[in-house]
Amino acid sequence: MEDMNQPLDSGIGSNVPEQRLQFTESVRADLIETSKWAMFFAVLLFIVLGFIAFGAFFAMVSGPSGFFVGVVLLGLYGVLLFFPAWYYYKFASLTRQGVDFENNQILDEGFAYLRRFYNFVGTLVIVLLSFYLLILVFGLFTAGNLFGNF
Amino acid sequence: MEVFDNQFSQAPHSEQGLQVTRNMRLNWLTTSKWAIFFSVLGFIYVALMFIVSFALMPMLQTIMSMSGQDAMARLIDSAGVWIMLLFLLAVAVIFLISLFHLRFASNIQRAMQYDSQQAFESAWRNLRNYFRINGIFTIVSIVLYIIGTIAAGSILSGMGMGTDF
């Protein structure tokens, strides 16, 4: 019986807290563990980023061509790895804080960073898959031309 | 009145602070769409790897035999089953990861659509499982990679010492 009047409130106001879905103890525990793993992945990505920076530095000091390779390496992998790592780090720390201090605004920000992570990685995956597909089509086309000439 | 009082008194005090807002719902909706995309990609990858796993060992063995590396061909012949099992285990783990991802996405969407607390809790349980299995898989991969590197290094140095006379 207690649920009968609840749908009447649905969708009213943009930021009005909704009463139906609750952050129960089990949800909180799951969120805390998720944030710990996210922090682990963020740290791992930052370590990988550190290795790449280290390699790029040695490439840069090895000579003029090495400098170019180093800059490309650092620029490309830096951008591709830094943002996911940063988004994971922010999601982990903000979610942890939001749950620990029971702060809705901070928790909201945490979920926003999880969304940003998915947006970034998803777009990256689509771009990479398109790139592979383009190479495949180009390769088939070139191979077709080569065999066609014989 | 008693019923209402009971209803409020039963609610844990901590639930007063954290509440689901519209912003959260919008973020979860986008996240769940991407999660479905990733899980579908994962399932396609698993299907491809499953097919490849049965073709990989005979292919490697033929290549090694044809190129005259009989020792490697014999090694694949004896250890091939174990390598294939390890490969299939990795494929099974990737399948589980994709499954948890898909279940997180579908449950969070169902929770938002029908205001289902059960689906809401299941969604976060699945996201936790997804992160947990992903993390353990990553740790095991790193450890195996380090062991493999050390083993390959010692084998190579052993071979170098054997020929160095």
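**Surface patch on chain A**

I looked up Tyr89(A) to begin with and found it in helix α2 of chain A, bearing in mind that this is a predicted model. I then asked which residues make the nonpolar surface patch, and I noted Phe46(A), Val79(A), Phe82(A), Phe83(A), Trp86(A) and Tyr89(A), with an area of about 480 Å² for the patch. Helix α2 of chain A, which covers residues 64-100, gives the largest share of this patch, namely 5 residues.

**Interface of chain B and chain A**

Next I turned to the contact between the two chains, where I counted 46 residues from chain A and 41 residues from chain B. The two chains bury about 4300 Å² between them, and 62% of that area lies on carbon and sulfur atoms. On the chain B side I picked out Leu18(B), Trp34(B) and Phe131(B), since together they supply 17% of the area that chain B buries against chain A, more than any other three residues.

For polar pairing across this interface I recorded 10 residue pairs in polar contact, both residues being at pLDDT 80 or more. I then asked which elements of chain B each supply at least two residues of the side that touches chain A, and I listed β1 (19-20), α2 (22-66), α3 (70-114) and α4 (117-163). Of the elements of chain B, α4(B) gives the most to this side, with 16 residues. Sorted by class, the side of chain B that touches chain A holds 18 nonpolar, 15 polar and 8 charged residues.

**Salt bridges**

I looked at the pair of Arg125(B) and Asp30(A), which forms a salt bridge with its closest N and O atoms 3.0 Å apart.

Within chain A I also noted a salt bridge between the side chains of Arg28(A) and Glu102(A), at 3.6 Å from N to O. This pair links distant parts of the chain, 74 residues apart, with Arg28(A) in helix α1 (residues 25-61) and Glu102(A) in the loop between α2 and α3 (104-149) of chain A.

Definitions and conventions:
Residues are numbered from 1 along each chain as its sequence is written. Chains are lettered from A and ligands numbered from 1 in the order in which they are written. This is a predicted model: local features need pLDDT of at least 70, side-chain atom pairs count only at pLDDT 80 or more; totals for chains, interfaces and linings use all residues. Side-chain values use heavy atoms; hydrogens and water are left out. Contact means heavy atoms within 4.5 Å. Buried area is the accessible area (1.4 Å probe) that two parts lose on being put together, summed over both. A salt bridge is a side-chain nitrogen of Lys or Arg within 4 Å of a carboxyl oxygen of Asp or Glu. A polar contact is a pair of N or O atoms within 3.5 Å; within protein, one must be able to donate a hydrogen and the other to accept it, and residues adjacent in sequence count only if both atoms are side-chain atoms. Helices (H or I, at least four residues) and strands (E, at least two) are DSSP runs, numbered from the N terminus. Ala, Val, Leu, Ile, Met, Phe, Trp, Tyr, Cys and Pro count as nonpolar, Asp, Glu, Lys and Arg as charged, and the others, Gly among them, as polar. Patches are made of residues with over 30% relative accessible area and no salt bridge: like charges are joined within 9 Å, nonpolar side chains (Val, Leu, Ile, Met, Phe, Trp, Tyr) within 5 Å. Accessible areas come from the Shrake-Rupley method with a 1.4 Å probe; for residues, only the protein chains shown count as cover.
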